[in-house]
Amino acid sequence: MRFVDEYRDADRAGVLAAEIAALCEPGRHYKFMEVCGGHTHTIYKHGVEDHLPEAVELVHGPGCPVCVIPMGRVDDAIAIAGEPDVILTSFGDMMRVPGGDGSFFDAKAAGADIRMVYSPLDALRIARDNPGRRVVFMAIGFETTAPSTAMTVLRAAAEGIKNFSVFCNHVTVIPAIKAILDSPDLRLDGFLGPGHVSTVIGCRPYEFIAARYGRPLVCAGFEPLDLLQSVYMLMRQLAEGRCEVENQYARVVPWEGNPRALEAMGRTMELRPHFEWRGLGFISHSALRLREEFAAHDAERVFDLPGVRVADPKACQCGEVLKGVIKPWECKVFGTACTPETPIGTCMVSSEGACAAYYNYGRFTRDRVREATLR
Amino acid sequence: MCLGIPGEIVELLPDRGDLATVEVAGVRRPISLGLLGPGAVRPGDWVLVHVGFAMSKIDEAEAAATLALLEGLGSAYEDELEALSESDIT
């Protein structure tokens with residue numbers, strides 16, 4: 001496995017760690033946000049923070065698509081599934097996410113026909129096989145996933161599959177980053193940009209972060225060494241007084257993104273005026289809905305939805321975790337009332353959620369030590 | 001669901017529109033090449049597969065490194081593979 005060693009080499013990690021440490025200005029504390037849940041996972045699994053100097057802190061962002069779905073949207077989907085002729089289809093990750101009145105699993109146990117699928121194309125096939133039923137796909141995800149939904153809608157329209165619709169909950173990453181930058185709660189020194197989202201949108205959309213907010217961003221890969229290298233690139237920019245968008249993950253992310261994916265999204269979807277994010281509240285132009293032209297495949301137009309806003313449970317601090325304001329273990333219910341087996345908040349449900357990653361890898365010692373030291 | 005999994009293109013299915021058979025960790029499933037465009041890949045090439053679509057072409061070294069990383073994830077990766085093996089998009 002020569003290839004793998006290139007990304008795991010302990011010597012290279014040591015060299016990068018030393019170079020990062022050498023770039024630290026004495027007395028300065030550096031805070032970088034990793035926007036993507038996949039990065040959070042690598043950071044805890046491989047103990048990336050253990051290689052960083054004490055002065056460099058990584059905080060977790062809102063980049064877990066399951067985590068940011070508000071409870072009211074889960075309830076809307078369950079209301080759709082309650083129609084006797086409906087088959088609701090969903091990625092497995094959504095099944096345990098609690099709504100105001102239970103999860104998809106609970107609704108399924110109570111008799112609703114809710115099926116897990118791997119791809120929106122699986123949902124389309126189910127619609128083709130069941131012409132007497134209405135098949136709805138619970139679409140979630142950032143720009144990584146939205147093009148797949150878009151291609152599926154185009155295919156449904158082309159084939160005239162009238163009993164297929166999409167309950168569109170796709171969100172876009174840029175407005176979430178902007179909301180965090182505008183929030184007074186948190187001062188960040190830079191961002192590790194999401195790897196897979198960037199394969200679709202490219203690097204250009206991040207340029208305002210450097211230009212308007214004066215923060216550097218480096219699109220990062222998912223290997224431990226990718227993340228160390230990306231932190232090094234951020235530190236170097238700060239040390240040299242530069243503020244740019246750089247692409248550490250160029251072996252996968254083209255600067256211009258994927259034009260075919262963007263075109264499919266543009267043809268089928270448009271920005272909503274606003275959308276509620278769990279924990280972050282309403283964010284303008286932060287989510288996608290189907291265009292009028294595809295109304296026949298838009299579950300929000302095909303069905304009457306309750307559309308009721310449901311407040312998160314009081315004990316749950318997912319919002320602060322998603323904004324990077326607190327660490328998962330600082331939440332009052334972390335690991336006690338809220339565990340992966342009985343999650344209260346979404347960050348504990350999804351394997352990409354920061355709380356689940358913390359819980360599963362038990363990597364909160366360092367932060368506790370840090371906190372004790374600071375006190 | 002957010003994972004991108006490396007798969008090797010085994011066969012293009014020209015009579016099935018933009019579909020191709022890929023092999024992922026010993027599992028062969030059809031996926032869509034619709035996001036890559038005509039002529040972008042051929043058998044033997046590696047792609048990053050996400051929810052039934054090839055997202056981007058990658059080289060073999062990247063594929064090997066990503067697979068090793070995913071195998072280290074444990075249940076999240078196993079769940080994804082299981083979902084993929086049950087996928088039927090044709």
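**A hairpin, an interface and a domain contact**

Look at strand 5 of chain B: there, S56(B) is the bridge partner of L48(B). Everything here comes from a predicted model, where local features need pLDDT of at least 70, side-chain atom pairs count only at pLDDT 80 or more, and totals for chains, interfaces and linings use all residues. Residues are numbered from 1 along each chain as its sequence is written, while chains are lettered from A and ligands numbered from 1 in the order in which they are written.

Strand 4 (residues 46–50) of chain B runs antiparallel to strand 5 of chain B, with five bridges (strands are DSSP E runs of at least two residues, helices H or I runs of at least four, numbered from the N terminus; pairing takes at least two DSSP bridges). Two residues sit between the strands of this hairpin, and V51(B) has a positive phi near 40°. Strand 5 (residues 53–58) of chain B is largely enclosed by the rest of the structure, because five of its six residues are buried (20 or more other C-beta atoms within 10 Å of a residue's own, with C-beta atoms placed from the backbone).

Now for chain A against chain B: 35 residues from chain A and 31 residues from chain B make the contact (C-beta atoms, placed from the backbone, within 7 Å). On the chain A side, the helices supplying at least two residues each include helix 1 (2–8) and helix 7 (146–159).

Inside chain A, the domain assignment, automatic or from a database, includes domain 1 (4–65 + 186–246) and domain 2 (71–173 + 257–302). Eleven residues of domain 1 of chain A touch 15 residues of domain 2 of chain A. Helix 9 of chain A gives the most to the domain 1 side, with five residues.

Note on methods:
Buried ≥ 20, exposed ≤ 12 C-beta atoms within 10 Å, placed from the backbone. Contact = placed C-beta atoms within 7 Å.
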